[in-house]
Number of protein chains: 2
Amino acid sequence: MAARLKIRKLVVIGVGLIGGSFALALKRARAVQRVVGVGRTSRNLAAARGLKVIDEASRDPARAVRDADLVLLATPVGQMPAVMTAIAPHLPAYAVVTDAGSTKGDVISAARRFMGAHLSRFVPGHPVAGTEKSGAEAAFPDLFQGKNVILTPQRETAAPAASLVKRAWEACGARVTRLTAEQHDAVLAAVSHLPHVVAYALVNMLARRHNAAQLFGLSAGGLRDTVRIAGSSPEMWADICVANREALLAALEDYENELERTRAAIESADAAELRRLFAGARNARGKWLVKKP
Amino acid sequence: MAARLKIRKLVVIGVGLIGGSFALALKRARAVQRVVGVGRTSRNLAAARGLKVIDEASRDPARAVRDADLVLLATPVGQMPAVMTAIAPHLPAYAVVTDAGSTKGDVISAARRFMGAHLSRFVPGHPVAGTEKSGAEAAFPDLFQGKNVILTPQRETAAPAASLVKRAWEACGARVTRLTAEQHDAVLAAVSHLPHVVAYALVNMLARRHNAAQLFGLSAGGLRDTVRIAGSSPEMWADICVANREALLAALEDYENELERTRAAIESADAAELRRLFAGARNARGKWLVKKP
């Protein structure tokens, strides 16, 4: 068995739902001694300290990482190049860096460009978990329990670095899977990025109608669940859509073809074809998505 | 104050989630003495009796309605014409008939054609509530608590009949709203029928991919909530899509335009426009859909 995981100093850059929950989960697992949170707004950092999500707050990433064992980059993906540029010259030789970005191709490109000699200890990762809430106040230690974390180590990635990150996520209760960055981005475009686009568009279509207040007032739980993720951070999701746009556009095209298939059956009042389509979807959901009791 | 509601005999035709929950809610409110359930399969009727959702079971709607005070038609909308044809010659003069169909234009057309002299005591209605489950075993008395019920009485509808149906739904804990049938069908196409089409299409698009098992296995709560309603009855929803196809096609067109707007912003990597679109959706959801604590 591996020795017990012990991280002396964890630096979380971007203390939001993901970064904050990572810190809380590792603290609860007694796998970390000290957590330093780095952020842009002192209000959120103060909240994170007050809630004991972090032990210290810093607005200076370069200074914060100087004696870090593990650094988690948990900012929106659009900010990763700037963060990497800021920290790379100041990382100790032993530090392992990982990220929680929802897209991997672009984060890896940035790492190749900006992480310099630390590239071999950069382990690209993505915890496939979250809620529609954001900020340190939304963080909770059970967020990753039973959830998937995908790591996409590159050929340069040192095995001990990948192993440390894997063990840290396992200490948070997550199930760790390895994929190539391309596989990751295609999978996530389909199962996460597209559903967000779908939910945002559905709300906007309703909100544009002149009787929007009446529409929402007469809606029920079906709509509410379908668009729950339209409460997600616009900044983060705009970044993700741009960063992963090729895979997302491919998924969107497949989806629009599927909608067209449904529309054709509605137009021709083909109830048998609609039953076939809907039953196929219900069966797939039942087989793959419904949790067994 | 109105006298206490007292229905001697309620006949529920179609003892599923909606019909069964209506019976249970009225029983709990002590507003009904006897409930007769009518259905096509003896298995479901036996379950309904075993669960005390109904007091008696019948497979013969004509016989069941002979001394009914109130009849609820809770079958899929496609079966309503046949049910109306079967019961109209056997209804007593005092019986009030209502329905729980998710579309109103087509149910009203059927009533005009098949309800004969009983048209003035037919009150078209729609409880905007449900879950993705179906059958008598899914019924529970709180289903309508705080939910909207839309009644669409016609110019022929007798006021006391409309009043009885309104009071029955209020006894179930529902909030009753009146709309024209056209208003109802346009509203529901947008807030309910379209979201179902969206959810079914999203699951089908994923299920058609060669790596469907991997995709669903790596998905998270966002997808699960977005497609929860893809677990709904294919038979019922095929009927609804055909019955309300004009309003649904109009809603689908608006939605596809909204998707195109999003796609254009993704294609041109316009993060500012995406932030604007997503923030608009998040604000609309926050204003209209998020329950105040």
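Analyst: Let's start with Val123(A), which sits in strand 6 of chain A. One thing to keep in mind throughout is that this is a predicted model.

Is Val123(A) buried or exposed? Count the other C-beta atoms within 10 Å of its own and you get 24. A residue is called buried when that count is 20 or more, so Val123(A) is buried.

So which residues does Val123(A) touch, if we skip its neighbours within four places in sequence? The contacts are Val96(A), Thr98(A), Leu151(A), Pro153(A), Thr157(A), Ala161(A), Ala162(A) and Val165(A). Two names on that list, Val96(A) and Thr98(A), lead us to strand 5, which covers residues 96–99 of chain A.

Six strands of chain A form an open sheet with parallel pairing, in the order 3-2-1-4-5-6. Strand 6 (122–123), where we began, stands at one edge, and strand 3 (56–58) stands at the other. Each has a single partner strand, so one side of each has no neighbour in the sheet. As background, strands of a sheet pair through backbone hydrogen bonds, either parallel or antiparallel.

Strand 5 runs parallel to strand 4 of chain A, and four bridges join the two. One of the residue pairs here is Leu70(A) with Val96(A), and Val96(A) is also one of the contacts of Val123(A). On the next step, strand 4 (residues 70–73) pairs with strand 1 (residues 7–13) of chain A, again in the parallel sense and over four bridges. Leu70(A) turns up here too, as the bridge partner of Leu10(A), while Leu73(A) is the bridge partner of Ile13(A).

Strand 1 of chain B pairs in the parallel sense with strand 2 (residues 32–38) of chain B over six bridges, and Val12(B) stands opposite Gly37(B) in strand 2.

Time to step back to the whole of chain A. How many helices and strands are there in chain A? The count is 12 helices and nine strands. The radius of gyration of chain A is 21 Å, close to the 19 Å that the globule rule gives for 293 residues, so chain A is as compact as a globular protein of that length. Its C-alpha trace spans about 65 × 40 × 40 Å along the principal axes. Buried residues, Val123(A) being one of them, make up 55% of the 293 residues. Among contacts between residues at least 6 apart in sequence, 76% join residues at least 24 apart.

Chain A is divided into domain 1 (7–179) and domain 2 (183–288). The centres of the two domains, taken over C-alpha atoms, are 30 Å apart. Where they touch, domain 1 brings 14 residues and domain 2 brings 16. On the domain 1 side, those residues are four nonpolar, seven polar and three charged.

Finally, how does chain B relate to chain A? A rotation of 180° with 0.0 Å of shift along its axis superposes chain B on chain A, with an RMSD of 0.0 Å. That is the relation of a two-fold axis. In chain B, Thr226(B) comes closest to the rotation axis, its C-alpha atom being 1.9 Å away. Between the chains, 77 residues of chain B are in contact with 76 residues of chain A. Helix 7 of chain B gives the most to its side, with 17 residues. Overall, the chain B side divides into 47 nonpolar, 14 polar and 16 charged residues.

Methods: Residues are numbered from 1 along each chain as its sequence is written. Chains are lettered from A and ligands numbered from 1 in the order in which they are written. This is a predicted model: local features need pLDDT of at least 70, side-chain atom pairs count only at pLDDT 80 or more; totals for chains, interfaces and linings use all residues. The radius of gyration is taken over C-alpha atoms; the globule rule is 2.2 Å times the number of residues to the power 0.38. A residue is buried if 20 or more other C-beta atoms lie within 10 Å of its own, exposed if 12 or fewer, and partly exposed in between; C-beta atoms are placed from the backbone. Two residues are in contact if their C-beta atoms, placed from the backbone, lie within 7 Å. Two strands pair if DSSP finds at least two bridges between them. Copies are superposed by least squares on the C-alpha atoms of residues with pLDDT of at least 70 in both. Domain bounds come from an automatic or database domain assignment. Ala, Val, Leu, Ile, Met, Phe, Trp, Tyr, Cys and Pro count as nonpolar, Asp, Glu, Lys and Arg as charged, and the others, Gly among them, as polar.
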